[in-house]
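Please keep the sequence and the structure in view while reading.

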Amino acid sequence: MQTEAIRSVLIVGGGTAGWLTAANLAQSFNSKEQGAITVTLIESPDIPTVGVGEGTWPTMRATLQKLGIKEDEFLRSCNATFKQGTKFFNWQHSDQSGSYHHLFTSISDPTQFNLAPYWLQGNAGEGVPYASAVSAQGSIAELGLAPKKITSKPYEGLLNYAYHLDAGKFAELLKSHAIHKLGVQYISANVCDVKLSEDGAIAAVITDTAGIQTADFYIDCTGFQSLLLGKAMGVGFHSVADTLLTDYAVTIQVPYNHADAPINACTHSTAQVAGWIWDIGLTNRRGVGYVYSSKYVSHEEAENTLRRYIGPQAENLTARKLQMNVGYRQKFWHKNCVAVGLSAAFVEPLEASAIFLIEAAANMIADQLPTLKVNLPLAEKKFNASFLFRWQKTIDFIKLHYALSERSEPFWQAARATQLIPPSLQELLQMWHTQPVSAYDFSHVYEPFPMESYQYVLYGMGFKQQLTGLQRWQHADKARMAFLRVQQLTQHLQQELPAQRQLLEKIYQYGFSAI
């Protein structure tokens with residue numbers, strides 16, 4: 001039995017996780033060709049899609065390109081806009097002042113030439129923020145400009161970029177493309193039961209209208225329910241509620257006041273008394289939500305805080321409350337089943353990691369799913385080790401934002417308490433007090449957040465470093481030239497790049513073409 005080939009994959013659950021995984025696997029397996037591994041997705045007609053988030057990472061461009069989805073088609077279908085990073089407001093202090101950027105583009109790769117020590121020594125100029133010293137992108141985002149032009153090639157830009165998108169419409173686009181272009185087989189039915197074999201593997205999925213469905217391998221995309229891996233197979237959940245204290249979000253969709261309103265070029269994240277508010281600009285609306293800890297603020301006050309942030313326009317808008325169970329499964333892959341998306345893990349959406357980790361999981365499954373069942377335990381071991389590392393590092397990076405805050409409210413005091421900071425992050429912070437962030441601190445090939453992401457947050461939050469042995473930094477002239485190039489590039493791009501909405505309207509009308 002175990003020497004049999006794996007010829008079929010059954011994905012249970014749709015949404016972004018299900019359809020992105022289905023499309024990726026079908027494309028990778030060439031499932032539309034006869035004799036290839038078949039990919040089938042069962043989706044309930046009765047369960048509405050829960051969007052895992054409206055922000056992506058730059059990796060999404062390569063994913064969409066791989067799937068054969070045209071960039072202009074994607075932008076139109078999903079009310080998508082260009083995202084150039086995140087702008088954080090009021091995270092450092094409670095006096096409602098101060099902001100910084102976590103960007104996607106730097107003038108140089110810090111693993112090759114680290115500008116941070118030279119910035120710390122004042123070589124970029126007195127009082128120049130770190131992000132402004134090493135990247136033109138913050139200035140471009142502040143002006144609401146796009147990262148590319150209408151003449152740019154699809155999925156290429158003058159600056160690195162990701163997207164903001166409507167998660168529900170994105171799932172629909174992926175569904176249509178997966179079924180009609182990539183050969184994914186689709187079943188609309190509710191799963192009533194999951195049958196296990198004697199060894200604890202999944203034997204079959206029982207549905208209400210499509211009978212018994214079987215496959216050689218199963219993927220659980222059933223969201224927080226985790227019907228396969230959690231409920232049926234009994235894989236437990238490891239909570240990190242004692243590390244990340246936020247447990248609820250209240251969200252409101254906010255239409256623009258007028259059709260030509262400017263569109264934010266970054267996600268906006270604004271710290272509040274017991275959490276933070278995200279503000280994401282799509283072409284037709286803003287997605288706004290307050291992520292908070294119910295221990296430190298009531299649900300009613302959280303919603304009122306969000307409405308005050310939005311202003312008078314919020315009066316007639318509907319709010320939606322979501323409970324967040326933060327943590328991850330004790331195993332992501334067990335026997336012949338793997339969980340992807342919310343059924344695998346969830347952390348607060350501070351750094352838009354949800355869709356990226358779906359991409360990463362789908363890529364690894366496509367690459368590592370064995371051809372023979374006998375090799376499933378080896379693939380399981382490798383996958384679990386990889387994603388335990390990725391989720392723990394994601395939690396570390398999110399916690400970094402709280403650990404560095406000096407806000408005085410009880411929530412923030414608790415969030416930065418030393419005993420709640422993972423030891424792995426504590427060690428790095430201790431080391432970084434007296435020496436620069438190094439590429440050797442990020443030696444794993446699958447680090448979810450690179451060295452420069454840590455630098456943007458550390459220096460944006462005013463992290464205190466006392467570097468010793470300044471004689472080691474012998475390339476001040478080279479650094480000053482790099483800082484000068486940033487200034488020159490900033491001026492050039494300010495003249496070259498169009499406004500976000502202006503470019504998107506052209507793309508809607510013409511697609512990407514020379515005009």
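Q: In which strand is the place of Tyr218?
A: The model is a predicted one. Tyr218 has its place within residues 217-220. These residues form strand 11.

Q: Is Tyr218 buried or exposed?
A: A residue is classed as buried when its relative accessible area is under 20%. For Tyr218 the relative accessibility is 0%, and therefore this residue counts as buried.

Q: Which residues does Tyr218 touch, not counting residues up to four places away in sequence?
A: Contact here means heavy atoms within 4.5 Å. With residues up to four places away set aside, Tyr218 touches Leu10, Ile202, Ala203, Ala204, Val205, Gln213, Leu228, Asn336, Cys337 and Val338.

Q: How many helices and strands does the protein chain have, and how compact is the chain?
A: The protein chain contains 16 helices and 21 strands. Its radius of gyration is 23 Å, close to the 24 Å given by the globule rule for 515 residues, so the chain is as compact as a globular protein of that length.

Q: Which residues is Thr305 in contact with, leaving aside its neighbours within four places in sequence?
A: Thr305 and Val273 are 32 residues apart in sequence, and their C-alpha atoms are 9.3 Å apart in space. Leaving aside neighbours within four places, the contacts of Thr305 are Gln272, Ile277 and Tyr290.

Q: Why is helix 14 described as largely enclosed by the rest of the structure, and what covers its buried residues?
A: Helix 14 covers residues 451-460, and eight of its 10 residues are buried, so this helix is largely enclosed by the rest of the structure. The buried residues include Met451, Tyr454 and Leu458. Their cover includes strand 5, helix 4, helix 5, helix 11 and helix 13.

Q: Which residue just after helix 14 takes a positive phi?
A: The phi angle in question is about 75°. The residue that takes this positive value, just after helix 14, is Gly462.

Q: What is the volume of the largest cavity, and which element gives the most to its lining?
A: The count of cavities of 30 Å³ or more comes to three. The largest cavity has a volume of about 140 Å³. Of the 17 residues that line this cavity, the closest to its centre are Gly341, Ala345, Ala354, Leu357 and Trp391. With five residues, the element that gives the most to the lining is helix 10.

Q: How do the residues of the lining of the largest cavity divide by class?
A: Elements that give two or more residues to this lining are strand 21, helix 10 and helix 11. By class, the lining residues divide into 15 nonpolar, two polar and no charged.

Q: What classes of residues has the lining of the second largest cavity?
A: The second largest cavity has a volume of about 50 Å³. Among the residues that line it are Ser106, Phe113, Tyr130 and Gln455. By class, this lining has five nonpolar, four polar and no charged residues.

How values were computed:
Residues are numbered from 1 along each chain as its sequence is written. This is a predicted model: local features need pLDDT of at least 70, side-chain atom pairs count only at pLDDT 80 or more; totals for chains, interfaces and linings use all residues. Side-chain values use heavy atoms; hydrogens and water are left out. On a 1 Å grid over the protein atoms alone, a cavity is a set of points where a 1.4 Å probe fits but cannot get out, and a pocket is an open set with protein on both sides within 12 Å along at least five of seven lines; lining residues have an atom within 4 Å of a point. Grid points are joined across faces, edges and corners, and a volume is the space filled by probe spheres set on the points. Helices (H or I, at least four residues) and strands (E, at least two) are DSSP runs, numbered from the N terminus. Ala, Val, Leu, Ile, Met, Phe, Trp, Tyr, Cys and Pro count as nonpolar, Asp, Glu, Lys and Arg as charged, and the others, Gly among them, as polar. The radius of gyration is taken over C-alpha atoms; the globule rule is 2.2 Å times the number of residues to the power 0.38. Buried means under 20% relative accessible area, exposed over 50%, partly exposed in between (1.4 Å probe, protein chains only).
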